[in-house]
Amino acid sequence: MLTPSASPATLLIQTAFIGDVILMTALLEYLHHTKPGTPVDVLVRRGNEGLLAGHPHVRQVLIWDKKHHKYAALWDLLGQIRVAHYGRVVTLQRFASTGFLTAFSKAKERIGFAKNPLSRFFTRRVPHHIGDGTHEVTRNLRLLTDAVPTPLVPPRLYPSAADEAAVAPYAAAGPYLCLAPTSVWFTKQYPETKWLELLAALPAGMHVYLLGGPPDVAACERLAAASGRENVVSIAGKIGLLASAALMRGAVMNYVNDSAPMHLCSAVGAPVTAIFCSTVPAFGFGPLSPTSFVVETREPLACKPCGLHGHGACPLGHFRCAYTIETGQLLATLPVM
């Protein structure tokens with residue numbers, strides 16, 4: 001049970017996917033620098049709380065279990081939020097569920113996007129536009145300030161000493177690359193045959209680690225085996241998200257889709273080459289690492305982008321936004337060793 005703070009605390013609500021939670025951490029950095037004495041709690045969906053383990057700017061993590069008694073759990077959360085007497089509750093989402101928690105939190109400041117169905121109960125309503133090139137971090141920061149800092153405050157994660165130790169043996173093998181070849185969305189995922197082309201073209205002595213979560217184990221193991229290279233190793237499902245971020249930070253380059261691993265790189269400043277198949281960086285979810293590359297097809301396609309999120313299959317059946325990306329485009333981002 002949460003207890004009231006001597007200084008009214010802030011609650012940030014982001015119960016969407018892993019990448020969304022990572023991008024939300026830019027607000028934690030902003031609040032730490034602008035209001036260092038204000039406690040900040042975060043509400044995430046069950047399964048994403050590990051991202052904030054040991055985070056120095058988070059007082060408490062609240063968890064919404066969306067898979068078991070979803071709406072009863074939501075009601076219980078509202079009770080916890082009210083008991084905590086937050087001075088400010090901010091929802092980063094445009095859905096009624098998190099709007100409900102914000103609108104009826106009894107916080108003095110209730111903040112969210114104007115598109116939220118319950119935004120009429122907010123004390124601050126902020127426009128939300130996708131497709132004009134504005135980054136999601138900027139959109140989120142506008143919830144807190146009309147003067148978004150320049151340069152943009154990046155997201156940040158804090159791998160623990162245990163996370164660093166878990167990946168130390170892999171890093172000690174010599175210069176290495178990381179590939180995160182999968183995505184929840186098919187049309188955001190570079191095809192397996194194209195990953196195999198890249199693996200065949202990489203320097204023979206370069207170690208390559210394939211990263212992913214438990215659902216990605218089979219795909220990564222299949223890719224490692226099909227590559228025919230002894231120095232291509234799948235560690236999908238063997239290390240957690242923060243440990244993966246620690247490993248990616250030390251890589252020569254990380255090749256990823258438009259998905260959560262790209263944001264992991266942004267949050268630890270890891271070099272990254274982000275492959276955009278059906279989506280486009282103009283949606284506002286591009287990489288923010290100091291060394292970042294975006295690779296897309298060079299072929300003009302009237303069907304790209306085909307939606308804000310990915311699809312389970314190419315709507316037109318050809319998936320040219322992925323298959324026409326050339327291996328040479330990816331190799332061009334690899335530093336000369």
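Phe-121 is partly exposed, at 32% relative accessibility. (Buried means under 20% relative accessible area, exposed over 50%, and partly exposed in between, with a 1.4 Å probe and protein chains only.) Phe-104 is partly exposed too, with a relative accessible area of 29%. This is a predicted model: local features need pLDDT of at least 70, side-chain atom pairs count only at pLDDT 80 or more, and totals for chains, interfaces and linings use all residues. Residues are numbered from 1 along each chain as its sequence is written, and side-chain values use heavy atoms, leaving out hydrogens and water.

**Aromatic rings**

- The whole structure holds eight aromatic pairs. (Rings of Phe, Tyr and Trp, the last by its six-membered ring, pair if their centres lie within 6.5 Å; planes under 30 degrees apart are stacked, over 60 edge-to-face, and the rest tilted.)
- One of them joins Phe-104 and Phe-121, a tilted pair with 5.4 Å centre to centre and 45 degrees between the planes.
- Phe-104 lies in the loop between α3 (96-103) and β5 (109-113), and Phe-121 in the loop between β5 and β6 (124-126), so the pair ties together parts 17 residues apart in sequence. (Helices, H or I of at least four residues, and strands, E of at least two, are DSSP runs numbered from the N terminus.)
- Ring pairs link Trp-75, Phe-100, Phe-104 and Phe-121 into a cluster.
- The charged end of Arg-139 sits over the ring of Phe-285, 5.4 Å from its centre. (This needs NZ of Lys or CZ of Arg within 6 Å of the ring centre and within 35 degrees of the ring normal.)

**Strand β4 and its partners**

- Arg-88 and Val-90 point one way from β4 (residues 88-91), Val-89 and Thr-91 point the other way, and all are buried.
- Strand β1 (residues 10-13) pairs with β4 in the parallel sense over four bridges. (Two strands pair if DSSP finds at least two bridges between them.)
- Leu-11 stands opposite Val-89 in β4.
- β4 and β5 run parallel, joined by three bridges.
- Val-90 stands opposite Ile-111 in β5.

**The six-stranded sheet**

- Six strands form an open sheet in the order β9-β8-β7-β10-β11-β12, with parallel pairing.
- Its edge strands, β9 (232-234) and β12 (292-295), each pair on one side only.
- Strand β11 (residues 272-275) pairs with β12 in the parallel sense over four bridges.
- Val-272 has Ser-292 in β12 as its bridge partner.
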